[in-house]
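Okay, hi everyone, thanks for having me. Let's get the structure up on the screen, and then I'll walk you through two parts of it.

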Amino acid sequence: MSNRKTIGAACAFALSAATAAQAAGTLSINEVVSVVAGWDMASDDAYLGSRSGCYEGLTKVDFDGELKPSLATAWSQSSPTAWDFKIRQGVKFHDGSPLTAEAAANALNQLLAAQVPARAFSKKNIKSVEAPDTETLRVTTIEPSVFLPGQLASPATTILAPAAYKDGKVNPINTCTGPFAITRVDAKQGMTVKRNDTYWGGKAKLDGAEIKFISDANSRATQIRTGEADIARLISATALAQFKNLKNVKLEQTKAPRILMLLLNNKKKPFDDIRVRQAIQAAIDTSAIAAAVYEGAATPAMGPFRTSDPWAPANQKPSYDPAKAKKLLAEAGIKPGSLTLNLWGYVSKVELKDVAAVVQEMLGQVGIKVDIRMAEYKAIEPDMLAGNFDMAFMSRGYLTDVPEPIGFINADYSCTGSFNIAHYCAPEMDAEINKIYGAKNQAERFKMYANIGEKIQRDAINVFLIHESSYDAHAAKVKNYKAHFINYYTMTPGLE
């Protein structure tokens, strides 16, 4: 009986989505992720709320990468550790309650008190949030940081109405400020949004949207090609050829600040020997991976950053050199065929299976045997975080939470980093990272990033494979759609 109910609910949702897609001014959107954490702000659910057009923060990162006002109209430092934000007047939450400094402070304090802390805003870096007057929000950091305004653009720091927070849980229905309001959620199937006719930024052009949660990349590609969806996010590189001659569908390419890397467990033998790490780096031909697996839809990596990034090290060069790899392994005392390593990947990125096979062959050519394991990411992440692995693939955005790579560098390469899956720790690296937080001059910070990026590549802490391009597809009839480079926005007021 329960199975019939589940099937019936799924069919009903599919029917409602199809009906909505036919309605004037309403789009059908295929999303990659579903609601997995009950709208916990520290999870990807917050990004889903932002892309739905519901969530807004005090600041925003625009499509050009610039930090712009949102629910705050201006900000300034009142002391080395205190930032004051002027709250936009006349804004109402979807439940009709007014946005005030007190309401904004409540939202951020709820985030600080959450059981799972958000990377961008936690008690590790925030001392207090208060409203000294009706129009001012003051955030005090533990250490001086020039990045706080950028952190407050993260979907994790969304400002919701006081009614959204109850018993440690978050409910975004009718509690956002954005151009669209969430009206219905099925955590596994999808959600519905409708236009907020009193939006402070002006009335949106669309009536709303049905957002379907479809994790399977092939299904997303099929539905946009057959017209079942109007927008499909993150078309896989292996499916791009299907869109070459289609006139009713357009692809939007974004050179994402995202790197596919081969994580190396630095605390485990033999990766505690820099020569072994450098040998693996030299054995892998990133240009061949980009050409063979991604068919030119990705750029070979020569370090953690794209060469076009303003903080990229100068004169980056390919590291592929099999002869050097064999020499380094010999110097490390590793004989050909004597070393067997495990390599883990996750099945949600369909191309990783092919990348794994290519890496296995390349390492085999220098005498390293590789055993491949492909699984759901949630099945392997605990062992990765605990250090119970040799090598693993990771697709990682390096503009995480802030529109500069400080969040990525600190999380992945500091001794206490929250996502240091390489298990790398060097006090001198921590010292260089800490200097960046106090550097007010952007050009100075960019030089610091370049120096750190050069060290990460030189020491082969991880092996960087390709810079990913993301591809969204939309029906030709859809106007003003633009893919955001860090996936913050889909349902914008100008979309029609």
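Let me start with a pair of helices. On one side we have E428, M429, E432, I433, K435 and I436 from α12, and they meet R445, M448, Y449, I452, K455 and I456 from α13. Sort that contact by class and you get seven nonpolar residues, five charged ones and no polar ones. Oh, and please keep in mind that this is a predicted model.

So how do these two helices sit against each other? α12 covers residues 427-437 and α13 covers 442-458, and they pack at an angle of about 160°, with their axes 10 Å apart. Since angles over 145 degrees count as roughly antiparallel, that makes α12 roughly antiparallel to α13. And the crossing, where α12 passes α13, is left-handed.

Right, on to the sheet. Which order do its strands come in? Reading across, it goes β16-β20-β15-β19-β17-β18: six strands in an open sheet, with mixed pairing. At the edges sit β16, residues 298-300, and β18, residues 368-375, and each of those pairs on one side only. From one strand to the next, the twist averages 30°.

There's a helix on this sheet too. α9, residues 352-364, packs there and touches β15, β17, β18, β19 and β20. Its direction makes about 170° with that of β18.

β15, residues 258-264, and β20, residues 462-468, run antiparallel, joined by five bridges. If you want a spot to look at, find M261, which stands opposite F464 in β20.

Definitions and conventions: Residues are numbered from 1 along each chain as its sequence is written. This is a predicted model: local features need pLDDT of at least 70, side-chain atom pairs count only at pLDDT 80 or more; totals for chains, interfaces and linings use all residues. Side-chain values use heavy atoms; hydrogens and water are left out. Two strands pair if DSSP finds at least two bridges between them. Helices (H or I, at least four residues) and strands (E, at least two) are DSSP runs, numbered from the N terminus. Axes are lines fitted to C-alpha atoms, for helices over the stretch in contact, and angles run from 0 to 180 degrees between N-to-C directions. Contact means heavy atoms within 4.5 Å. Angles under 35 degrees count as roughly parallel, over 145 as roughly antiparallel, 65 to 115 as roughly perpendicular and the rest as oblique. A crossing is left-handed if the near helix is turned anticlockwise from the far one by less than a right angle, and right-handed if clockwise. Ala, Val, Leu, Ile, Met, Phe, Trp, Tyr, Cys and Pro count as nonpolar, Asp, Glu, Lys and Arg as charged, and the others, Gly among them, as polar.
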